[in-house]
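Let's take a friendly walk through a protein model, one piece at a time. Have a look at the sequence and the structure first, and then we will begin with a pair of residues.

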Number of protein chains: 2
Amino acid sequence: MDKITFINPTVEIFSQGEEVITGQIADTNAAWLSSQLIEMGFKVSRHTAVGDQLDALVKLLKEIASRSDCCLCTGGLGPTTDDLTREAVAVAFDAPLYFDETALKNIQRFFQKRGKVMAEVNRQQAFFPQGATQIDNLWGTAPAFSFKFQRCLFIFLPGVPYEMRHLFNAKIKASLMTCFSLKPQPLITIKTFGIGESELQVILNTLNLPNFVKIGFRATSDEVQVKLLFNKEVTADDKSALIQKITDKMGDRVFAVGNLENNADSLVDVVSTALEKNKQTLSAIESVSQGLFAAKCVGHTWLLSSSFYTHFETLKQQWQLETEIDLSTVAQQLAKKLQQQSGADFALVQLHDERNALSNNNHPHLLYNTLQTPQGIYQQIQTLNGSQKNKQNRAAMLGFDLLRRYLQQKKL
Amino acid sequence: MDKITFINPTVEIFSQGEEVITGQIADTNAAWLSSQLIEMGFKVSRHTAVGDQLDALVKLLKEIASRSDCCLCTGGLGPTTDDLTREAVAVAFDAPLYFDETALKNIQRFFQKRGKVMAEVNRQQAFFPQGATQIDNLWGTAPAFSFKFQRCLFIFLPGVPYEMRHLFNAKIKASLMTCFSLKPQPLITIKTFGIGESELQVILNTLNLPNFVKIGFRATSDEVQVKLLFNKEVTADDKSALIQKITDKMGDRVFAVGNLENNADSLVDVVSTALEKNKQTLSAIESVSQGLFAAKCVGHTWLLSSSFYTHFETLKQQWQLETEIDLSTVAQQLAKKLQQQSGADFALVQLHDERNALSNNNHPHLLYNTLQTPQGIYQQIQTLNGSQKNKQNRAAMLGFDLLRRYLQQKKL
């Protein structure tokens, strides 16, 4: 590849294929490539996907060439009639295809190694547009290639994620670092639980943030992340002072902080790591999360000594619960009994006000989120909203958060 | 929305957000919307994603307006400073923002119902471009809206998948069907479990399929779907004869068949519906799926009377298992005891050869998948592969499939 020295180069991701455009698969290639390129210091400006139509491909290639410094393109390099990338490059950039004997031998060798004979259709994978630079693919049959048109460097990669990722790591990444002058921006991720995006925004508004930082948010059902993207010129001291100021203000809703090199842990990982360190175990009665708390512990088997789900009536019989009293006390008594009977260090009991089935849609429930610890009982009474699945997931995550608050000695 | 009557209209998907463009998440919204729109009869021509920059958003809106009949846009409707969709529409189409009191009241009501007070930042969600048609969002705070510019009808939806999907199903789908003249091709979905895509392809290859049908596949961790897309001209008889021929050939791996109007049930739904019809119940010991079987039953609480997870040693003590004998017999004895003790109609017991922790990566396990039924014991010994999470999910689904095979009187 030629040497190019843009600073802060823009890159676009171009995905080709009917399976993407018709929604049979989500475009994980675009996401994976973007996160790699951002970390390297590129500015990703667009993702575009089109189907297997020659005119759509040609049009898009020309558009991208006119506005971007670099483009990573996946898909369309296979041996079937709907693999049109080579042809589209030839048409878009007036670069007629030529046949390459060495490329054909590489493809044949790939099949030989696997004890197979190359099918005739694979011959078309040995055609390249004039001026392309071939990139050998050790992980599949489709040879990759790069092609420079005016200011834009195109890299064409196979669409199979396994092949694409191996090729990128082994060959493309290093090439891009020599072709472009890259300076990545420091990125910090603050992970929170129990607070919404808009409340986080309100907190940040009060802090009068300096303009060397840009803020972003990302909400999932398990956490809300605050992303701090710093200017490259910021000093290490200014950076850590600001992170401290922000996390102080967000208080005990923050459960993890990470950067590009060290991803912030999930809430489940934070709890698991703390319990593993202390060699502590947990038993759970999951009347609300119905197995989902236990299911989320997979990979941390040592943490969970048992988990149980049943209907409230059965629970009442089996544990001889006094149900004339309030549910908060019932949950506390049950947690104590569970800890004694299971011998685990912690006992988590979750009951809700309708006792059995979670109602669907917007009818809210009260969750009696109760943790028997070696130091006594902890309880939070919280509201569950949304669909049954939302309530179930929320209850499971509130269980982990109650444990996390105890383990990190936060207030309840 | 206005009435428009394009035939075979084109639609583009526009995704906004730093989390998409930087690769923090794969764009599942684009995939989900595309598959819905294709089924309705749209031609999806492009997916594009850009970040939260006003100029990038404005540029893309103008581009799409110039070439497409319709555009579904997700993201950027939230209450934070990086939510710029409203402003971008105002700038791109010269449609100044106005403040809507009713929309504000709806947002306030959403918070009130959850016992919260609306933050001041949420006020910005009550601004709309002049000429927009508001679409109430019952599942979140961000009101959706449609906006027509020249030939293109834009629909702006929140980026949170749960809200977006509910809004699409409840409101957008019907509107689009009145706005556009849509003639979907008949689409049949055959859902299978326990067979891979390539094996299904081999079966289909032996059938010498007529050219009035196009075949597609979609694999998830819970099922493999075969999609049959028929020409619009095909007769009802030819269609049903071919469906019969294909499902016969695929045999008992098929668990549901659906079409555009009646979605095929999931494996969990098939099992739940059958048990509900017979008023039958189930108890489970989830040594392998670790709560995930129970978690997947949420919404069908009547089906599951109890589910239990614990370490093998505890299980052995609690149930006085004879562990000198082979694991297959241990599982059968345990299933019988569980059925007797729980009083449920069915008892599902899953043990695996390493007894406690599931190993990660590619080390395979043997699963002793065991079901005590009113007619006696059913057992399948199966292999689990992949990561811990893969093995966990596979075990849970194999549990449902064992039940399904019994309930549909299929061979084991």
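Find Thr74(A): its bridge partner in S8(A) is Leu157(A). Residues are numbered from 1 along each chain as its sequence is written, while chains are lettered from A and ligands numbered from 1 in the order in which they are written. Keep in mind that this is a predicted model, in which local features need pLDDT of at least 70, side-chain atom pairs count only at pLDDT 80 or more, and totals for chains, interfaces and linings use all residues.

Now look at the strands on either side of that opening pair. Strand S3 (residues 70-74) of chain A runs parallel to S8(A), joined to it by 5 bridges; two strands pair if DSSP finds at least two bridges between them. Strand S7 (residues 144-149) of chain A is also joined to S8(A) by 5 bridges, but these two run antiparallel. Here Ser146(A) stands opposite Ile155(A). S7(A) and S8(A) form a hairpin with 2 residues between them, and Gln150(A) in the turn has a positive phi of about 50°.

Is S8(A) buried or exposed? In strand S8 (residues 152-157) of chain A, 6 of its 6 residues are buried. A residue is buried if 20 or more other C-beta atoms lie within 10 Å of its own, exposed if 12 or fewer, and partly exposed in between, with C-beta atoms placed from the backbone. Both faces are covered: Cys152(A), Phe154(A) and Phe156(A) are buried on one side, and Leu153(A), Ile155(A) and Leu157(A) on the other.

Next, move to chain B and its open sheet of 4 strands, which has the order S10-S11-S9-S12 with antiparallel pairing. The edge strands, each pairing on one side only, are S10 and strand S12 (254-259) of chain B. From one strand to the next, the twist averages 20°. Within this sheet, strand S9 (residues 187-192) and strand S11 (residues 224-230) of chain B pair over 6 bridges, and Thr192(B) stands opposite Val224(B). Helix H7 (residues 197-205) of chain B packs on the sheet and touches S9, S10 and S11 of chain B; its direction makes about 160° with that of S10(B).

Two other helices of chain B also pack together. Helix H9 (residues 267-277) and H13(B) meet at an angle of about 45°, with their axes 9 Å apart. Axes are lines fitted to C-alpha atoms, for helices over the stretch in contact, and angles run from 0 to 180 degrees between N-to-C directions. That angle makes H9(B) oblique to H13(B), since angles under 35 degrees count as roughly parallel, over 145 as roughly antiparallel, 65 to 115 as roughly perpendicular and the rest as oblique. Residues of this contact include Leu267(B) of H9(B) and Met397(B) of H13(B).

Finally, how do the chains meet? 59 residues of chain B are in contact with 58 residues of chain A, where contact means that C-beta atoms, placed from the backbone, lie within 7 Å. On chain B's side, H2(B) gives the largest share, 7 residues. Strand S2 (residues 43-50) of chain A also pairs with S2(B) in the antiparallel sense over 3 bridges, and there His47(A) has Ala49(B) as its bridge partner.

Note on methods
Two residues are in contact if their C-beta atoms, placed from the backbone, lie within 7 Å.
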